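Student: I am new to this structure. Please show me the sequence and the model, and then let me ask about the labels.

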Amino acid sequence: MESLMFNVLKHKFPDKFTTPFLVDIGSGWLAVAQNAVIDLSELHSDIRIGAMYRDQQGMLCIDVGVVAPSGPRTVIDDLIDVVDFDTSLVDKMMDVIAKARLVSAWTCYEDGKPGWLVDAPEGRRPLCPECQAKRSMRVRRHAA
C-alpha cells in the first residue's frame, strides 16, 4: 500500500518533492499528507519534501527543506543566503508539520477514519475501532 501513496503524491505534486524521495505512509493518511504538501507549497515555492513516513511514535513525520538557488555560487553567496534567510519561514514550516503530525495521531493509518494511537502487531500507529477489531485487538483509545 505504501508504494501506492508514493505514486499518488508523486503524480499529484510532481515538483514538490526532492529526487529521490521517500513516501512510506498508509492509505488512511493520504488526505493528511496532501494537506501538508498544499500548506507547505503556499508558504514558499522553493520548499521541497524529502520524506513522509510513520515514525517510532506512530505519527506522520515530514522531512522538508528549501531548494538552494542554482547557478555558479561562491562562498560569499552562500553566506549572504544564510544571513538573509527568513527564519519566520522555518517557523511556519514547523507549524505545518506539527499540525500534520497532530492530525495523523488521530487519523486511522488504514482508512482515514478517526482513530487512536495503539500498539498494533505491525507497530505503533493510529487505528479506528474497526481496524483494531480486524486485527483481533481489544478496542482501545490511545493505548500507546
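Student: What makes Arg101 count as partly exposed?

Tutor: Its relative accessible area is 23%. Buried means under 20%, exposed over 50%, and partly exposed in between (1.4 Å probe, protein chains only). So Arg101, at 23%, is partly exposed.

Student: What should I know about the model and the numbering?

Tutor: This is a predicted model, where local features need pLDDT of at least 70, side-chain atom pairs count only at pLDDT 80 or more, and totals for chains, interfaces and linings use all residues. Residues are numbered from 1 along each chain as its sequence is written, and side-chain values use heavy atoms, with hydrogens and water left out.

Student: Why is the contact of Arg101 with Asp55 called a salt bridge?

Tutor: The term needs a side-chain nitrogen of Lys or Arg within 4 Å of a carboxyl oxygen of Asp or Glu. In this pair the closest N and O atoms are 2.5 Å apart. So the pair qualifies. Arg101 sits in helix α4 and Asp55 in the loop between β2 and β3, 46 residues apart.

Student: Why does Asp55 count as buried?

Tutor: Asp55 has 13% relative accessibility. That is under 20%, so the label is buried.

Student: How do you know that Glu110 and Arg135 form a salt bridge?

Tutor: Their N to O distance is 2.8 Å. That is within 4 Å, so the pair counts.

Student: What about Arg124 and Asp119?

Tutor: Their side chains meet at 3.0 Å, N to O, in a salt bridge. Arg124 has 30% relative accessibility and counts as partly exposed. Asp119, at 48%, is partly exposed too. A search of the whole structure finds 5 salt bridges.

Student: What makes β1 and β2 a pair?

Tutor: Two strands pair if DSSP finds at least two bridges between them. β1 and β2 have 4 bridges, in the parallel sense. So they pair. One example: the bridge partner of Phe17 is Ile49 in β2.

Key
Helix = DSSP H or I, 4+ residues; strand = E, 2+ residues; numbered from the N terminus.
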